[in-house]
Amino acid sequence: MNRHLTLRGALIALVGLLVITASSMYVALRMGALPWPTIFVTVVSLAALKRAKGSTLQEINVTHTIMSSGAMVAGGLAFTLPGLWMIDPDANFSTISLIILTVVGAILGTLFSALYRKKLIVDEALPYPMGIASYNTLQAGSKGGAGAKTLFASMGGSVIFTVFRDGFGKIPALLTLFKGSALIPAFSIWVSPMAMGIGAIIGPLFALLWFGGAIFGYYILTPLGIQGGLFASMAEADVFRSNLGIGLMIGTGLGVFFKAIGSKLLAQKKLEDKPKATFNRTTLVVALVLLFSVVLLSLGTELGLIEALVLMAGIYLATYLSGMLTGQTGINPMEIFGILVLLVIQLISNPSLIASFSIAAVVAVACGLTGDVMNDLKSGYLLKTDPKQQILGEGIGGVIGAVLSVFVLLIMKASFGGFGTAELPAPQAAAVSAMVGGLGHIPAFLIGLGIGLVLYLANIPSATLGLGVYLPIYISSVMGLGALISGGLKLALKKRTEAAKLQDKTGLVASGLLGGEGITGVAIAIISMLK
């Protein structure tokens with residue numbers, strides 16, 4: 001078997017992992033956003049190993065897989081846990097308990113990603129824009145030629161643009177085309193090469209469905225609701241809209257669950273006359289990992305046994321949704337999945353404040369790592385990398401990144417005097433702390449849940465639709481614009497050969513746009529952290 005996971009690759013990856021994880025924690029707490037580090041680590045790994053003796057693209061692929069694994073673990077922690085100290089600055093959270101939570105989240109994120117790989121990447125062939133961009137970067141970097149020139153020219157342009165926008169503040173991050181009124185919300189567009197590239201890669205179906213959800217939520221539901229007396233104000237309409245979007249996403253999760261049960265029952269019926277297998281290695285491994293996780297959480301944290309058991313089911317569904325949305329849209333709302341699993345557990349239990357944030361944090365960490373794993377597995381699938389070696393590398397990096405994330409979080413808390421301040425606003429965690437008390441509009445959530453379930457069972461991407469309803473309009477609009485520009489260029493060509501060439505160039509240009517902004521975002525975060 002070819003060695004795609006090598007000692008030299010792992011050592012290079014672990015050095016990069018330390019820097020990427022620390023900088024990701026900083027930028028997540030400071031900005032409330034986290035750029036995918038995928039292309040940054042792809043380029044670093046390519047530069048480090050390209051000329052090494054006997055190196056292959058598969059080795060480079062596994063190396064960058066390990067290097068990026070701590071970033072989204074840090075994001076999951078930063079987007080949830082600081083909310084605890086915003087509510088109670090004197091809350092005493094054991095460091096050991098915090099490490100246990102984060103490590104369990106990393107292990108479960110890796111485990112469930114391995115289980116979902118075939119369905120989401122092979123069977124459904126979801127686009128995973130960051131994974132495709134990573135693949136294109138590796139291919140172009142190794143082969144050179146016209147393709148490399150196209151990709152790296154696009155990447156260079158995106159780097160320059162992002163430096164002027166974020167580094168020097170010469171370009172606005174948001175462009176407001178309509179300032180809004182008492183009846184109609186403002187319409188803005190995110191000035192982001194990366195977002196346009198994602199829209200081009202995921203294609204018109206997902207991008208326009210996403211944008212359609214935003215148009216419905218902001219410019220049909222909101223004005224009609226205000227005019228018809230359903231909402232007393234724009235703020236009330238926003239609460240209804242956001243809870244409706246959350247319900248759509250969770251309804252998709254229920255649909256996944258019901259479909260899985262139906263498939264199992266159907267398979268059982270077909271096999272009832274056949275001899276039953278006496279041993280299933282995968283099932284045994286999954287059961288042992290889940291048992292190990294439940295024991296660790298029950299003994300090492302404030303979670304009770306019932307809470308830990310329900311949490312396993314919640315993480316299973318949340319990571320599936322995370323993997324699906326990352327594949328369809330390139331967006332991974334990990335903290336939302338964390339708070340929703342918490343809300344479900346609150347229906348059957350009464351967790352303490354620390355236990356509540358523990359639940360949200362471990363789910364967000366698992367979902368964050370899932371998004372990163374699935375992007376890497378997508379590029380690995382295209383490169384024919386051994387998935388077992390890749391998943392093992394991701395698991396190792398995720399666990400190391402989990403431990404490192406805890407210490408970086410605590411060091412930053414001590415250095416800056418807490419969270420929710422001008423220096424470390426942690427806006428995502430602030431939103432989570434506001435939601436710990438429950439959903440803002442339960443009827444809207446239940447309506448969305450029902451609609452999401454029905455749409456998913458009808459094979460309509462309801463989670464993507466829900467994301468459009470939930471997220472700010474400026475994100476959805478730029479994704480739709482990217483898809484429209486890409487689709488329009490392809491339709492403009494009549495000859496199939498020309499269209500094929502353009503499609504290839506469009507993918508490279510889009511990958512360059514993603515990579516340039518992603519690289520620059522990570523670099524700016526590292527520089528800011530070291531100041």
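Predicted model: local features only at pLDDT ≥ 70, side-chain atom pairs only at ≥ 80, totals over all residues.
Local features need pLDDT of at least 70, side-chain atom pairs count only at pLDDT 80 or more, and totals for chains, interfaces and linings use all residues. Residues are numbered from 1 along each chain as its sequence is written, and side-chain values use heavy atoms, without hydrogens and water.

**Ring pairs**

The whole structure holds nine aromatic pairs. Rings of Phe, Tyr and Trp (its six-membered ring) pair if their centres lie within 6.5 Å; planes under 30 degrees apart are stacked, over 60 edge-to-face, the rest tilted. Two of the pairs are shown here.

| Pair | Centre to centre | Angle of planes | Type |
|---|---|---|---|
| Trp85 and Phe419 | 6.0 Å | 40° | tilted |
| Tyr116 and Tyr320 | 5.0 Å | 90° | edge-to-face |

Trp85 sits in helix H4, and Phe419 in the loop between helices H14 and H15, 334 residues apart. Helices are DSSP runs (H or I, at least four residues), numbered from the N terminus. Both Trp85 and Phe419 are buried, meaning under 20% relative accessible area with a 1.4 Å probe, protein chains only.

Tyr116 in helix H5 and Tyr320 in helix H11 are 204 residues apart. Both are buried. Ring pairs also join Phe112, Tyr116, Tyr316 and Tyr320 into a cluster.

**Thr301**

Thr301 lies in the loop between helices H10 and H11. Thr301 is buried, at 13% relative accessible area. Leaving aside neighbours within four places in sequence, Thr301 is in contact (heavy atoms within 4.5 Å) with Ser97, Ile100, Leu101 and Leu296.

Technical notes: Helix = DSSP H or I, 4+ residues; strand = E, 2+ residues; numbered from the N terminus. Buried < 20%, exposed > 50% of the residue type's maximum accessible area, 1.4 Å probe, protein only.
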